[in-house]
Every structure is written in structure tokens, then in C-alpha cells.
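Good morning, and thank you for coming.

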Amino acid sequence: MGIFSRRQTATIEPTSAEGSGASGAYPSTGGGVALDSALRGLTGQWTIDRPHSRVGFSVRHAMVTTVRGAFADYDSTLHFDGDRPSASRAEIVIRVGSVDTGVEQRDAHLVGTDFFDARRFPEMVFRSTSTVHEGGETFRMTGDLTIRDVTRPVELQLDYLGSVVDPFGFERVGFDGTTTIDRTDWGLVYNQRLAAGGTMVSEKVRLQFDISAIRATS
């Protein structure tokens with residue numbers, strides 16, 4: 001998730017040393033799409049700012065409503081290459097025991113053997129393998145997602161939101177990432193059938209990454 005991609009407009013506070021990146025574009029390394037030259041300034045290491053980010057999910061419950069949750073405890077290693085975004089790398093290691101859906105009993109069920117089995121498999125990991133600029137502010141990042149020691153490829157749609165220097169002097173970038181997976185592909189097969197048809201918990205799960213990342217200090 002560490003692709004902080006094309007900056008078409010950017011606000012720098014409290015001082016503004018850069019203008020909005022609308023011209024001075026240079027060719028990208030994938031798809032022949034022009035990228036904003038301001039990306040050069042974003043090259044480097046970044047870390048997700050957990051208090052201002054959300055790594056979460058949503059899933060249909062009983063066919064008629066949606067349950068949402070998030071993970072509070074995770075580490076991130078992000079590298080952005082402003083000259084070649086395709087060379088950017090990302091890794092997020094999530095402690096599944098930190099899941100929070102707002103209902104204690106449901107959270108206990110999720111970390112138990114029916115779902116994450118957190119005692120045996122305490123971590124869920126995403127490692128990127130490639131990134132492609134699809135045009136505008138949108139990128140596609142492919143990576144390996146590991147849950148319960150099962151690793152399968154996934155694709156994220158990433159929308160770049162911009163960059164800014166905040167009032168405390170931290171340089172930030174923001175983006176949204178989403179993908180939908182079939183949880184049974186990772187061995188999360190627990191379910192209950194409904195009398196009228198359908199299942200209690202959908203097999204399709206939408207993963208959501210609302211990320212604010214800070215440039216890492218050397």
C-alpha cells in the first residue's frame with residue numbers, strides 16, 4: 001500500500017515551496033501515461049500514521065446489512081520511487097487480535113478458530129509485488145496477502161489524495177485503497193445457512209485502506 005502516486009494538486013503548509021503539479025510532466029515507466037514531476041520529491045521511505053489511518057473491512061451480514069471493522073495494531077514499511085512508481089514497495093503486518101467491530105462478542109468470535117485463529121496465526125501480511133499507473137490519480141497495486149498461513153495474490157485499486165506538510169512539520173501523503181476478496185480462498189469457511197436461503201456471513205469481504213503516511217526520519 002505504499003504507492004503515494006500522482007500529485008496533480010498539492011497543498012504545502014505552513015510554507016509553500018512547491019506549486020500545484022500540473023505541468024512539467026515526465027513519462028511514466030508503465031502504460032505510457034504521463035506522471036507529475038512533483039513525484040520526484042516524494043521518493044523515499046514512509047510509515048503509516050495509525051491515529052489518522054484506518055485498515056478495515058466490511059462484509060454483508062444475514063444478507064440484509066453490513067458489518068464494518070478495523071485493525072488497530074499493525075506495522076508498515078513503505079518505499080515510494082518518484083521516478084519509477086512501478087519500483088515502489090510496501091508491506092503491512094497486521095495483528096489480527098486487534099480486530100474491532102464494536103461488539104466484544106463478535107470480535108472474540110473473529111479471533112477464534114472459526115475465523116482468524118489468532119493464537120496459531122497471529123498476523124495477516126500484505127507484501128506488494130508490482131504497481132501500475134492506470135491514469136489520473138488511480139493506480140493498481142498487486143501483492144501477496146497471507147491469512148492463516150495461506151498466501152494468495154490480490155489487486156488493490158489505489159487513489160492518490162495528495163501531499164502536505166502539516167502544522168507540526170511532518171510531510172504527509174494520503175490515499176485510499178480497496179479490494180474485494182473471497183475469504184474462503186484463505187480458509188475462512190465458517191458460515192451458517194439462513195432458513196430463507198443464503199448465508200449468515202457473506203464470503204465476499206471488502207478490504208479498505210484509508211491511509212495517511214508520514215515521511216520516515218533517517
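I begin with a definition: a residue is buried when its relative accessible area is under 20%, exposed when that area is over 50%, and partly exposed in between, with a 1.4 Å probe and protein chains only. Glu-123, at 40% relative accessibility, is therefore partly exposed.

Please note that this is a predicted model, in which local features need pLDDT of at least 70, side-chain atom pairs count only at pLDDT 80 or more, and totals for chains, interfaces and linings use all residues. Residues are numbered from 1 along each chain as its sequence is written, and side-chain values use heavy atoms, with hydrogens and water left out.

A salt bridge here is a side-chain nitrogen of Lys or Arg within 4 Å of a carboxyl oxygen of Asp or Glu. The whole structure holds 11 salt bridges.

Let us turn to Arg-95. With Asp-73, Arg-95 forms a salt bridge whose closest N and O atoms are 3.1 Å apart. Asp-73 sits in the loop between S5 and strand S6 (74–80), while Arg-95 belongs to strand S7 (residues 89–95), so this pair ties together parts 22 residues apart in sequence. Strands are DSSP runs (E, at least two residues), numbered from the N terminus. Asp-73 is partly exposed, at 29% relative accessibility.

Arg-95 also meets Asp-75 in a salt bridge, at 3.0 Å from N to O. Asp-75 is partly exposed too, with a relative accessible area of 42%.

Note on methods
Helices (H or I, at least four residues) and strands (E, at least two) are DSSP runs, numbered from the N terminus.
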